[in-house]
Amino acid sequence: MMFAAIAETWHVENALYPGSYLDLSPSTAIPSVTYVDTDRRAARYFADSDFVRAELARAMRTESAARVDFLHADYTMSLPLADGAFDLLISLYAGPVWEHCRRHLRAHGLLLANTSHGDASLAALDPDVELVAAVHHRGDRYRLDARSLDGYLVPKKPAAADPDLIRRTGRGIAYTRSAFAYLFRLR
């Protein structure tokens, strides 16, 4: 599983997952996860803590001691969370998470992002982060590739590597060598 590999390799203890909707998968491997979403269905889902615990136990096939917090909030606005409090910031299919929530990431913390909505593309252009792994998946198997990272994030069209264009269109860059997601570390 992707989150287990990330948590074990980089010793992730807590994560922030803006735009999570109903995706509880980080909590199967990370001891403490704060989920953030504006969707009322997500708020109802996470409000039923017994149901969430049962879902985690079913996914893990064992009793879970994971801490699950939920904020029914818009992550593009100020969140009632401490700066530098999280080991991992998750941006999967949610929008511009990186630019709005990076302050909540601790020094040398990690950003997991895909190119959907341009978050991985914006991070790739940010001198404050470095690529530490590409995440590949086939079926339900995930693999972290930390070799030959300079072959990733090379735009097919160099003119597309424009942060303003990415923000305006909300679309990521097409790369010559792509992955499911990318893991960046804050310098």
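Modeller: Ala, Val, Leu, Ile, Met, Phe, Trp, Tyr, Cys and Pro count as nonpolar, Asp, Glu, Lys and Arg as charged, and the others, including Gly, as polar. Keep in mind that this is a predicted model.

Colleague: Got it. So what classes of residue make up the lining of the largest pocket?
Modeller: The lining has six nonpolar residues, three charged ones and two polar ones.

Colleague: Which residues are they, the ones that line the largest pocket?
Modeller: They are Pro155, Lys156, Lys157, Ala160, Leu165, Ile166, Thr169, Arg171, Gly172, Ile173 and Ala174.

Colleague: Let's zoom out. How many helices and strands are in the protein chain?
Modeller: The protein chain has six helices and eight strands. Along the sequence they come in the pattern α-β-β-α-α-β-β-α-β-α-β-β-α-β. The radius of gyration is 16 Å, close to the 16 Å that the globule rule gives for 187 residues, so the chain is as compact as a globular protein of that length.

Colleague: What does the C-alpha trace span along its principal axes?
Modeller: About 50 × 35 × 30 Å.

Colleague: How much of the chain is buried?
Modeller: Of the 187 residues, 43% count as buried.

Colleague: Can we look at single residues? Is Leu88 buried or exposed?
Modeller: Leu88 is buried, because its relative accessible area is 0% and the cut-off for buried is under 20%. You'll find Leu88 in strand 4.

Colleague: What does Leu88 touch, leaving out residues up to four places away in sequence?
Modeller: Its contacts include Ile6, Val12, Ile30, Leu105, Leu112 and Leu183, along with Asn14. Another residue to look at is Phe184: it is 96 residues from Leu88 along the chain, and their C-alpha atoms are separated by 9.7 Å.

Colleague: Now Pro80. Where does Pro80 lie?
Modeller: Pro80 is in the loop between strand 3 (67-72) and strand 4 (86-91). Its relative accessibility is 66%, so Pro80 counts as exposed.

Colleague: And what separates the C-alpha atoms of Pro80 and Met60?
Modeller: A distance of 30 Å, with the two residues 20 apart along the chain.

Colleague: Last one: what share of the contacts with a separation of 6 or more comes from residues 24 or more positions apart?
Modeller: Those residues account for 58% of such contacts in the protein chain.

Note on methods:
Residues are numbered from 1 along each chain as its sequence is written. This is a predicted model: local features need pLDDT of at least 70, side-chain atom pairs count only at pLDDT 80 or more; totals for chains, interfaces and linings use all residues. Side-chain values use heavy atoms; hydrogens and water are left out. On a 1 Å grid over the protein atoms alone, a cavity is a set of points where a 1.4 Å probe fits but cannot get out, and a pocket is an open set with protein on both sides within 12 Å along at least five of seven lines; lining residues have an atom within 4 Å of a point. Helices (H or I, at least four residues) and strands (E, at least two) are DSSP runs, numbered from the N terminus. The radius of gyration is taken over C-alpha atoms; the globule rule is 2.2 Å times the number of residues to the power 0.38. Buried means under 20% relative accessible area, exposed over 50%, partly exposed in between (1.4 Å probe, protein chains only). Contact means heavy atoms within 4.5 Å.
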